[in-house]
Amino acid sequence: MITLPFVLELVTTIIFGSIIFVWGIRYNNIKDEFKHFNLPPWLRDLVGILKLSFGIMLLNEDMEIIRVGAIGIAILMVAALGTHLRLKSPPFKMLPSFSLLSLCLLVVYLGTQIT
């Protein structure tokens, strides 16, 4: 039987894995995207540090820390979507940010259902 804690753990693992994939393996794409959007390198580095930190929080046992991590990533994704909208990016370029935002909101919701 699938339980809410199992779904929460699965979703947080997917979020963490996607952050590691994008900010680790595909880091050159991140550098190109920030350059394309005329965003400074220090902002890219700050976003990376915050995303990785929030992502690590998702792996914690304490539900409050998990919620903080999910909310932090969600805020970063709202900012990313705002940047995409401001620069009139095509919808497919916004899909990763929107997906990660949706998954983080799901984590926050599931966290309220479990505790």
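## Salt bridge between Asp-45 and Arg-44

In this predicted model, the side chains of Asp-45 and Arg-44 form a salt bridge, with an N to O distance of 3.3 Å. Asp-45 is partly exposed, and its relative accessible area is 36%. Arg-44 is buried, with a value of 14%, because buried means under 20% relative accessible area.

## Salt bridge between Arg-67 and Glu-64

A search of the whole structure gives 2 salt bridges. Besides the pair above, the side chains of Arg-67 and Glu-64 meet in a salt bridge, at 3.0 Å from N to O. Both residues belong to helix α4, which covers residues 63–86. Arg-67 and Glu-64 are 3 residues apart there, so about one helical turn separates them.

Arg-67 has a relative accessible area of 16% and is therefore buried. Glu-64, at 47% relative accessibility, is partly exposed.

## Nonpolar surface patch

The surface also carries a nonpolar patch, formed by Ile-2, Phe-6, Leu-10 and Ile-14. Together these residues have about 410 Å² of accessible area.

One of the patch residues, Ile-2, lies in the segment before helix α1, and that helix spans residues 4–25. The relative accessible area of Ile-2 is 64%. Ile-2 therefore counts as exposed, since the term applies over 50%.

How values were computed. Residues numbered from 1 in each chain as written. Predicted model: local features only at pLDDT ≥ 70, side-chain atom pairs only at ≥ 80, totals over all residues. Heavy atoms only, no water. Salt bridge = Lys/Arg side-chain N within 4 Å of Asp/Glu carboxyl O. Buried < 20%, exposed > 50% of the residue type's maximum accessible area, 1.4 Å probe, protein only. Helix = DSSP H or I, 4+ residues; strand = E, 2+ residues; numbered from the N terminus. Patch = residues over 30% accessible without salt bridge, like charges linked within 9 Å, V, L, I, M, F, W, Y side chains within 5 Å. Areas by Shrake-Rupley, 256 points an atom, 1.4 Å probe, with all protein chains shown as cover.
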